[in-house]
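Please study the sequence and the model shown below. The questions that follow concern aromatic rings and their surroundings.

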Amino acid sequence: MALWAGSQLSALTPLHAWWLTLAAFFLLTLMLQLLPPDLFPSSAFFQDLIRFGKTKLEASVRPAICRSFDVPKRYFSHFYVVSVLWNGFLLWCLTQSLFLGAPFPNWLHTVLRILGAAHFQEGELALSAFLVLVFLWLHSWRRLFECLYVSVFSNAVIHAVQYCFGHVYYIFVGITVLSQVPMDGRHGVVIHCKHQIPFGDWFEYVSSPNYLAELMIYISMAVTFGFHNFTWWLVVTYVFFSQALSALLSHRFYKSKFVSYPKHRKAFLPFLF
């Protein structure tokens, strides 16, 4: 396993570097959040950059310059609109290539080659990429449906950088899937917007089962690719640390708001963290 990882690291592509950088950033951010506040006093701008929704500090204690970068959290739906359109386009291109023998558009082929697309001949990997891209596209449709018809958004906000990153993220996820293909040469009444302690099912074990489920979705995609697909495991590593950070911030929010919050409940991983 160590030899395999070493050989993969020695052949890093720009795509590998992208996911490694993201994973390292969120790992460092997570570790900083676990340090005692008096040991590492964090800046208001940094906290504003990593927090969103309910975990953001109250507007009254946030500097005006931070509030100027606020974007409504309901704009989350924009991410999934982009993902449905972009990854739907990539799925269409891959379908044309796999079943009709049509080549990718020249500009897409160039982008994939620059980012370090696969240059090996494993026929079954193309089908795996097709299945993962289908899963990703359906997942984006599900999240878009939830944003439009299920989620109840209050006046919560996200940072403008987070808003831009969300678009870039879903574009790169689709490109990452496609790079694994072997290449030649709301309807409803809002009762209230208060937060309450959720109970039942996964909530008995973790504060944010939605983040845990997100991780499991990406792990299932990794299994579809095969356990030795280095590129996708980099994506999973990034997802793990980013979701762990969000889960930790949510966990601390609930514990600060509710004195009776269940003490046995973990933030992200049942019984562990």
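**Aromatic rings in a predicted model**

Q: Is Tyr-205 buried, partly exposed or exposed in this predicted model?
A: The relative accessible area of Tyr-205 is 42%. Buried residues lie under 20% and exposed residues over 50%, with partly exposed in between. Tyr-205 is therefore partly exposed.

Q: Which kind of aromatic pair do Tyr-205 and Phe-271 form?
A: A pair of aromatic rings is described by the distance of the centres and the angle of the planes. For Tyr-205 and Phe-271, the centres are 5.6 Å apart and the planes stand at 65 degrees. Planes over 60 degrees apart count as edge-to-face. The pair is therefore edge-to-face.

Q: How many residues apart in sequence are the parts that Tyr-205 and Phe-271 tie together?
A: Tyr-205 lies in the loop between helix H8 (160-178) and helix H9 (209-225). Phe-271 belongs to the segment after helix H10 (230-257), and Phe-271 is exposed, with a relative accessible area of 66%. The pair ties together parts whose separation in sequence is 66 residues.

Q: What is the angle between the planes of Phe-76 and Phe-79?
A: Phe-76 and Phe-79 are three residues apart in helix H5 (residues 76-100), so about one helical turn separates them. Both residues are buried. Their rings form a tilted pair, 5.3 Å centre to centre, with an angle between the planes of 40 degrees.

Q: Which residue has its charged end over the ring of Phe-76?
A: Phe-76 is buried. A charged end sits over its ring, 5.8 Å from the ring centre. That charged end belongs to Lys-73.

How values were computed: Residues are numbered from 1 along each chain as its sequence is written. This is a predicted model: local features need pLDDT of at least 70, side-chain atom pairs count only at pLDDT 80 or more; totals for chains, interfaces and linings use all residues. Side-chain values use heavy atoms; hydrogens and water are left out. Rings of Phe, Tyr and Trp (its six-membered ring) pair if their centres lie within 6.5 Å; planes under 30 degrees apart count as stacked, over 60 as edge-to-face and the rest as tilted. Helices (H or I, at least four residues) and strands (E, at least two) are DSSP runs, numbered from the N terminus. Buried means under 20% relative accessible area, exposed over 50%, partly exposed in between (1.4 Å probe, protein chains only). A charge sits over a ring if NZ of Lys or CZ of Arg is within 6 Å of the ring centre and within 35 degrees of the ring normal.
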